[in-house]
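Below is a short report on a metal site and on the strands around it. Look at the model first, then read on.

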Amino acid sequence: MRVDVATGLMIGAKQVLSPHFDQRPPGVVPDLVVLHGISLPPGEFGGPWIARLFTGNLPADAHPEFRERAGLRVSAHLLIRRDGELVQFVSFRDRAWHAGRSVWQGREACNDYSIGIECEGADDLPYEAAQYSVLRELLPLLSATYPAITPDRIVGHSDVAPGRKTDPGPSFDWTRIR
Ligand SMILES: [Zn+2]
C-alpha cells in the first residue's frame, strides 16, 4: 500500500467512490484520524450495506434498521472490513462526512481536518486481528504522508462526539495500534 499524494488515493485499496463528500476548507491538510465502528444491520457483518450507505444506495425497505438511515448522506475515507479488506470511498484531499457535530481539543467540525476510518464492527464485539493488522500498516503511511497526524491525534468517534457517539466502542483495543 501507498498513498498517492496528488490524488489522495490509497494505492492498494479497493476504490468505491462516494458522492458524499465536498472540499476541505482552503489550505487545510488532514491532521487527525477519527476511527469508527459500523455494522449494517447493527451487529451483522459481511453484507453490501455499508458500501451502499456510503454511496447513497441503501434500500430503505431491505431491513427495518435501514429505514431511518437510507436518506443519510454519510461517508468515510476508508472502510476496513472484517477480513481486512480495505475500501476507499473519498480521497484524502476531500472532506468525507463521518464525524458529524464534533470537537477535538477545542476545534470544531472534525470532518474539516480529519481522515475518517470505519472498521466493520460493533461496540461490544471484538474486532478482528486482520483489521488491527491493516491499521498497523495504514496509520504509519498516513502519518508519513500527513506528518501532523501524530500518534496522539488518532482518536475515536466517541472522543470527538462524547455523549452522542460510542464507536468504535469498548471492544476496540487501542493498545493493538499503538
Ligand atoms: Zn462513528
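## Zinc site

In this predicted model, H36 (ND1), H157 (ND1) and D167 (OD) coordinate the zinc ion at 2.0 to 2.2 Å. Donors here are N, O and S atoms within 2.8 Å of the metal (3.2 Å for Na, K and Ca); water is not among the atoms, so sites may look incomplete. The donor spacing in sequence is H-x120-H-x9-D. H36 sits in strand β5, while D167 is in the segment after α3 (157–160), so this pair ties together parts 131 residues apart in sequence. Helices (H or I, at least four residues) and strands (E, at least two) are DSSP runs, numbered from the N terminus.

H36 has 1% relative accessibility and counts as buried. D167, at 8%, also counts as buried. Buried means under 20% relative accessible area, exposed over 50%, partly exposed in between (1.4 Å probe, protein chains only).

## Strand β11

Strand β11 covers residues 114–120. Seven of its seven residues are buried, so β11 is largely enclosed by the rest of the structure. Both faces are covered. One side carries S114, G116, E118 and E120; the other carries I115, I117 and C119.

## Pairing

Two strands pair if DSSP finds at least two bridges between them. β5 (residues 32–38) runs parallel to β11 over seven bridges. In that pairing I38 stands opposite E120. β6 (residues 78–80) pairs with β11 in the parallel sense over three bridges. Here L79 stands opposite E118.

## Basis

Residues are numbered from 1 along each chain as its sequence is written, and side-chain values use heavy atoms, without hydrogens and water. Local features need pLDDT of at least 70, side-chain atom pairs count only at pLDDT 80 or more, and totals for chains, interfaces and linings use all residues.
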